[in-house]
Every structure is written in structure tokens, then in C-alpha cells.
Amino acid sequence: MPSSPDLAAALRERIRREGFITVADYMDAVAAAYYARGDVFGQDGDFITAPEISQTFGEIIGLWCAVTWQKMGKPDPLYLIECGPGRGTLMADALRAAKGVAGFAAAVQIHLVERSPALRNLQREKLKDWAIRWAEDIADLPPGPSIVIANEFLDALPIRQFQRTPDGWAERVIELGPHDDFVFNTRALGDAPVPIALAATAEIGAMFETSNVVAAFVTKASQRIASHGGAALLIDYGHTAQALGDTLQAVKQHTYHNVLEAPGSADITAHVDFTAVAAMARKFGATVHGPVEQGTWLRQLGIGVRQVQLAKGKPVDVAQRIEQGVRRLTEPHGMGVLFKVMAIANPKLPSLDGFAKD
Ligand code: SAH
């Protein structure tokens with residue numbers, strides 16, 4: 001995988017050859033190069049995710065998985081699949097918490113969907129007490145009852161952007177400017193799948209985002225769950241009502257970074273369109289639970305109780321850190337509201353913990 005200067009050169013070369021690249025192609029190349037760098041997470045890295053903030057996050061998810069497995073009738077094996085596991089922290093915390101549930105640890109077959117070799121190494125180290133298998137794509141896994149976890153995975157998948165121009169909708173592309181710098185432009189490339197209700201209100205310059213890669217992932221996950229049983233837990237930042245807007249962003253060392261500058265040196269993401277995800281899941285035979293706000297979901301599942309347990313008997317400063325972590329995950333000015341939790345489930349599962357009944 002090229003490092004960032006090489007990636008920029010490779011992208012320039014490709015643009016010279018092809019005239020432009022779409023936002024989706026750019027995002028795909030940039031994300032692949034970025035995650036190939038390895039450990040980009042945490043306080044010393046570029047951005048911090050929920051499992052890196054507090055161990056309670058992965059623990060609650062682990063218990064949710066064990067309870068869902070019981071509701072499924074305790075299948076053995078259960079494919080426990082995590083997509084985009086980062087450092088492997090969430091899975092490690094989840095397994096530690098869930099192994100107390102009789103039979104769960106013996107039933108799980110753990111699969112990690114991860115395309116970065118450097119991150120696979122971190123995950124191998126973190127999960128060395130467990131038998132782990134890796135896959136490039138969820139479609140490569142053997143069929144069977146599954147629980148799928150994806151935290152901040154969908155936001156890393158490439159999106160397409162469409163912009164309203166005086167001549168109608170056009171796809172947003174990246175070209176080379178006068179100084180060989182990357183610049184945005186639009187090209188009328190044919191299809192522009194903008195929902196009619198949104199198109200009707202769009203002014204010149206308005207942007208609509210969609211993701212073929214998210215759609216392909218949700219299709220595969222939903223088909224798997226509808227055919228063989230189980231559920232997928234999707235946690236990400238995004239909007240619950242479809243809207244116009246440009247959410248493409250890059251983050252480096254915890255601050256916003258120009259998306260077109262030094263590609264591959266910063267994390268590049270977009271908000272998840274949960275309405276589109278839900279529609280796709282239903283189309284392929286799955287039921288949808290939520291989305292609910294992350295803070296609400298975690299509190300319903302007892303994160304407060306876990307916090308008290310963890311802090312018991314600890315020095316004041318440690319107890320305070322535990323409390324701060326939980327607050328950051330649950331409070332509105334932290335990740336409690338922007339982040340949403342949605343589950344896609346087999347219709348045989350009538351209810352799932354943390355979600356009000358449909
Ligand atoms: N879930 C982790 C990390 C989120 S970062 C956490 O909460 O800390 C995004 C993760 O998705 C990384 O592990 C990245 O390598 C992986 N990823 C991104 N695009 C991918 C793709 N197309 N296929 C497989 N994994 C991908």
C-alpha cells in the first residue's frame with residue numbers, strides 16, 4: 001500500500017489518465033492507505049473511538065451478544081463477526097464480559113472482517129487468547145447463524161456525492177488544479193439517485209450522498225441474517241432522516257483536516273444514512289430495530305451499573321476517569337446523541353435488548 005506521498009502521486013497519475021476520479025474512488029484509495037498505517041487510534045493517534053474511551057462499551061456489547069445468542073436458541077457454532085475491529089479492543093472487552101454466560105464462549109467462532117494487514121497484527125496480539133479468523137469481506141464467511149458487530153465501520157466506507165448544478169444533478173469528482181493540487185468539480189455521469197422528495201427542495205450547490213459500498217455490505221449482512229438467523233449491531237454517527245448535505249470529512253490528530261490535502265495521512269469518513277440502511281435491510285428480509293441514540297441504548301443496557309461496579313474500591317482519580325469515560329459515551333455533548341445504534345435482525349427475533357419493541 002503506498003504511503004501518503006506515493007498515494008498522492010498515484011492518484012495524480014490516475015487523474016491525468018482518466019480525467020477525474022469520483023469521490024468514492026478517492027475515499028476508497030485514501031482509506032486503504034490510511035488504515036494500512038496501523039495504529040492510528042487513541043489519544044496519541046488521530047481519533048478516538050468508543051471502545052478506546054471506556055471498557056464498558058465493549059463489555060455491554062458482549063453481554064448484548066450473549067443475550068441475543070440465548071434469544072436465538074443458543075446455536076453452536078455462532079459466528080461472532082466484527083467488521084472493522086480497529087485495535088481489537090471492543091472484541092476483547094466483549095469476550096471477557098460474555099464468557100461468564102454459560103456456553104457462549106464454547107459456541108462462538110470469531111471472525112474479523114479487516115483489510116488492513118497492520119491492523120490485523122494489532123488484533124492478533126490483542127486477542128491472542130482466542131481463536132480468530134480473518135476475512136476481507138463478510139461475503140467470504142461460511143453460512144450460519146451470526147451476530148455481526150460494526151462500530152464506526154460504515155462511516156469509513158466510500159460514498160458518492162451528487163451536486164445540484166444549474167444543469168441538473170452531477171456527480172462530484174476530483175480533478176487536478178493549476179498547481180497539480182486536488183480540486184473538486186462535478187461531472188454529469190448519468191445516474192443521480194437523489195430521492196424525489198429531497199431533489200424537490202434542492203437549491204443550486206446542494207449535495208446528496210449515497211454509498212454503493214454501504215448498500216452492498218448491508219445487503220450481504222441482511223441476506224445472511226435473514227437466511228441463517230441472528231442480528232447485526234451497527235453503531236455509527238449519522239442521520240436518522242434523509243437529508244441533503246456534505247458530510248465528507250477528514251480528521252488528523254483530533255482536528256479537522258482538508259479532505260484533499262496529503263491524502264492517506266488523515267482518517268476520511270462520512271455520516272451514515274440510517275434510513276437508507278434500514279430500507280436495504282428490509283428489502284432483503286431482515287427486520288430493523290432502532291436507530292436509537294447511543295446514550296439511550298447504553299443506559300438501557302445498564303452502563304451506569306457497570307460503571308459503579310468498576311469504580312468500587314478504586315482510588316478517587318481512577319473512579320473519576322471511569323465516570324468521565326461513561327459520560328463521554330452517553331452524554332449529548334459527547335457521543336451520546338450524534339452516535340446511533342441500529343440492529344438488523346432475523347424476523348424470528350421479536351425483540352432485542354436496548355431497543356423499544358417495534
Ligand atoms: N471499530 C473500531 C475501528 C473503527 S475504524 C473501533 O471502534 O475502534 C474503521 C475500521 O474499519 C478499521 O479497522 C479499518 O481498517 C476497517 N475498514 C475500513 N474500510 C474497510 C473495508 N473496506 N473492508 C474491511 N475493513 C475496513
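Me: Which backbone oxygen does the side chain of lysine 340 reach at 3.0 Å, along with that of valine 337?
Reply: Heads-up: this is a predicted model, where local features need pLDDT of at least 70, side-chain atom pairs count only at pLDDT 80 or more, and totals for chains, interfaces and linings use all residues. Residues are numbered from 1 along each chain as its sequence is written, and side-chain values use heavy atoms, leaving out hydrogens and water. A polar atom of the lysine 340 side chain lies 3.0 Å from the backbone oxygen of valine 337. At 3.0 Å the side chain also reaches the backbone oxygen of leucine 338.

Me: How far from lysine 340 is the nearest side chain of opposite charge?
Reply: Lysine 340 sits in strand 16, residues 339-345 (strands are DSSP E runs of at least two residues, numbered from the N terminus). It's buried (under 20% relative accessible area, 1.4 Å probe, protein chains only) but has no salt bridge, meaning a side-chain nitrogen of Lys or Arg within 4 Å of a carboxyl oxygen of Asp or Glu. The nearest opposite charge is on glutamate 293, at 5.8 Å.

Me: How many residues of strand 5 are buried?
Reply: Ser146, Val148 and Ala150 point one way, Ile147, Ile149 and Asn151 the other, and all are buried. For strand 5 (residues 146-151), that's six of six.

How values were computed. Helix = DSSP H or I, 4+ residues; strand = E, 2+ residues; numbered from the N terminus. Buried < 20%, exposed > 50% of the residue type's maximum accessible area, 1.4 Å probe, protein only. Lys, Arg positive; Asp, Glu negative; His and termini not counted. Polar contact = N/O pair within 3.5 Å; in protein donor to acceptor, adjacent residues only side chain to side chain.
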